[in-house]
Amino acid sequence: MPGNVHEIRPKPSDTEKITINLGFVDLGQVDLMVQEGFYSNRTDFIRTAIRNQLERHADVVKQSTARKSLDLGLRNYSREDLEAARRAGEMLHINVLGLATIAPDVTPELARATIASVSVLGALHASPAVKSALADRTR
């Protein structure tokens, strides 16, 4: 590689891909809305529909989040965080609504020594080894 060219690590996505199955009539209606210019594409329609439903039920989400003591949004657990918990003799209970990330340099042994439970509504990003080590603690 030439000296003036540097590889840039790909930025982790701030979205998670999902797959849904729609009936032909529903899909046709979505396509009609796109064709008529109400939405730029199917994804735009689906995101808008989801956001509208979440807004409609915002009070329920807020109450449930508080009742279940969930961290809302993005929560990152670094190796330093887990090592501090181990030094303090604490076990972490990860409860996140959104995205929970366990740093790539966290070993499975450190994760098991410091994480008592994992409950994520959304997505959990961690190495396959750490996910495997915490499988019996994940709900």
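1. A salt bridge is a side-chain nitrogen of Lys or Arg within 4 Å of a carboxyl oxygen of Asp or Glu. Arginine 79 and glutamate 83 form such a pair, with their closest N and O atoms 3.2 Å apart. This is a predicted model, in which local features need pLDDT of at least 70 and side-chain atom pairs count only at pLDDT 80 or more, while totals for chains, interfaces and linings use all residues. Residues are numbered from 1 along each chain as its sequence is written, and side-chain values use heavy atoms, with hydrogens and water left out.

2. Arginine 79 and glutamate 83 are four residues apart in helix α4, so about one helical turn separates them. Helices (H or I, at least four residues) and strands (E, at least two) are DSSP runs, numbered from the N terminus. Arginine 79 is partly exposed at 28% relative accessibility, and glutamate 83 is partly exposed at 24%; here buried means under 20% relative accessible area, exposed over 50%, and partly exposed in between (1.4 Å probe, protein chains only). A network of salt bridges links Arg79, Glu80, Glu83 and Asp105.

3. The structure holds six salt bridges. One of them joins aspartate 136 to arginine 112 (2.9 Å, N to O). Aspartate 136 lies in the segment after α6 (128–133) and arginine 112 in helix α5 (residues 108–114), so the pair ties together parts that are 24 residues apart in sequence. Aspartate 136 is exposed, at 57% relative accessible area, whereas arginine 112 is partly exposed, at 33%.

4. The sheet is open, with three strands in the order β1-β2-β3 and parallel pairing; two strands pair if DSSP finds at least two bridges between them. Its edge strands, β1 (71–77) and β3 (115–125), each pair on one side only. The twist averages 40° from one strand to the next. Strand β2 (residues 92–102) is joined to β3 by 10 bridges, and leucine 92 has isoleucine 115 of β3 as its bridge partner.

5. Helix α4 (residues 79–88) packs on the sheet and touches β1, β2 and β3, contact meaning heavy atoms within 4.5 Å. The direction of helix α4 makes about 85° with that of β1. Axes are lines fitted to C-alpha atoms, for helices over the stretch in contact, and angles run from 0 to 180 degrees between N-to-C directions.

6. Aspartate 71 forms a salt bridge with arginine 75, with the closest N and O atoms 3.6 Å apart. Aspartate 71 is partly exposed, with a relative accessible area of 36%, and arginine 75 is partly exposed, with 32%.
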